[in-house]
Amino acid sequence: MADDDNVARMPRAFVPDLAVAVRRARLEEVERSHSAADLRTAAVARLEALGAALAPVFAQTGLHASAFDHGIAPVDPPRLFIDMIAFVDCGHDRKRYRFVQDTRDGSVVLAEDEDVEPIVEAVTMYVARRIVERERAMAAASSPKPAASATSAPPADARFGEIVTLYLIGALSGAAVLYALFRLGVAH
């Protein structure tokens with residue numbers, strides 16, 4: 001009977017119930033999705049307010065309006081695009097605006113603040129710089145080409161001759177190597 005007393009005093013082993021754990025996990029997921037939806041709604045509202053503050057800037061772009069495809073994109077996290085490479089999001093904490101530009105070397109944060117005004121100012125300067133770049137590119141494309149000078153590239157006929165000569169040299173070199181290999185008995 002002493003053995004029965006020892007068994008009775010030992011703690012019972014915990015047996016996990018997977019069904020209960022799955023129910024708890026589902027409830028946690030519902031709570032997280034509700035809070036995520038609330039955060040997303042708040043971020044969209046903040047970006048809409050910023051978009052309204054930027055509306056006068058985009059109204060003044062005139063001939064350059066097609067260069068700026070601005071609007072809120074339905075992505076997660078929500079983003080207010082300025083053009084194809086720049087956007088504003090609400091940052092990781094959803095309280096700060098982040099004005100970001102995608103570059104060849106990755107994303108660059110151009111401005112970050114909790115208030116609308118500094119972001120509006122940064123976006124306005126960005127739009128102005130893009131307009132100046134576009135005007136300069138358009139002017140360069142419409143300017144007449146300078147006349148060919150003595151130091152310019154050779155005419156197309158001379159380049160064609162060089163290409164043919166290099167091709168023939170390569171073909172003859174390849175044939176000579178194959179002939180040598182054949183004579184040595186390497187290639188059969």
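**Aromatic side chains and their surroundings**

Modeller: F160, V164, Y167 and L168 form a nonpolar patch on the surface, and together they have about 440 Å² of accessible area. This is a predicted model, in which local features need pLDDT of at least 70 and side-chain atom pairs count only at pLDDT 80 or more, while totals for chains, interfaces and linings use all residues. Residues are numbered from 1 along each chain as its sequence is written, and side-chain values use heavy atoms, with hydrogens and water left out.

A patch takes residues with over 30% relative accessible area and no salt bridge, joining like charges within 9 Å and nonpolar side chains (Val, Leu, Ile, Met, Phe, Trp, Tyr) within 5 Å; a salt bridge is a Lys or Arg side-chain nitrogen within 4 Å of a carboxyl oxygen of Asp or Glu. Areas are Shrake-Rupley values with a 1.4 Å probe, and for residues only the protein chains shown count as cover. L168 counts as partly exposed because its relative accessibility is 46% (buried is under 20%, exposed over 50%, partly exposed in between, with a 1.4 Å probe and protein chains only).

Now the ring pairs. The whole structure contains three aromatic pairs (centres of Phe, Tyr or six-membered Trp rings within 6.5 Å; planes under 30 degrees apart are stacked, over 60 edge-to-face, the rest tilted). One of them joins F58 and F68, whose ring centres are 6.2 Å apart with planes at 50°, so this pair is tilted. F58 is in helix α2 (residues 18–59) and F68 is in the loop between α2 and β1 (71–73), so the pair ties together parts 10 residues apart in sequence. F58 and F68 are both buried.

Another pair is F99 with Y126: the centres are 5.4 Å apart and the planes stand at 90°, so it is edge-to-face. F99 comes from strand β4 (residues 97–103) and Y126 from helix α3 (residues 116–142), so this pair ties together parts 27 residues apart in sequence. Both of these residues, F99 and Y126, are buried.

Strand β4 also holds Q101, which is buried at a relative accessible area of 17%. Setting aside residues up to four places away in sequence, Q101 touches I85, A86, G106, S107, V108, L110 and Y126 (heavy atoms within 4.5 Å). Y126 is thus a ring partner of F99 and a contact of Q101.

R46 lies over the face of Y97, 4.3 Å from the ring centre. R79 places its charged end over the ring of F87, at 4.1 Å from the centre.

F87 has a further arginine contact: R98 touches F87, V88, D89, G91, V109, A111 and E112, again not counting residues up to four places away. R98 is in strand β4 and counts as buried at 17% relative accessibility.

As for the setting, the protein has four helices and five strands (DSSP runs numbered from the N terminus: H or I of at least four residues, E of at least two). Their order along the sequence is α-α-β-β-β-β-β-α-α. Buried residues account for 18% of the 188 residues.

Definitions and conventions. A charge sits over a ring if NZ of Lys or CZ of Arg is within 6 Å of the ring centre and within 35 degrees of the ring normal.
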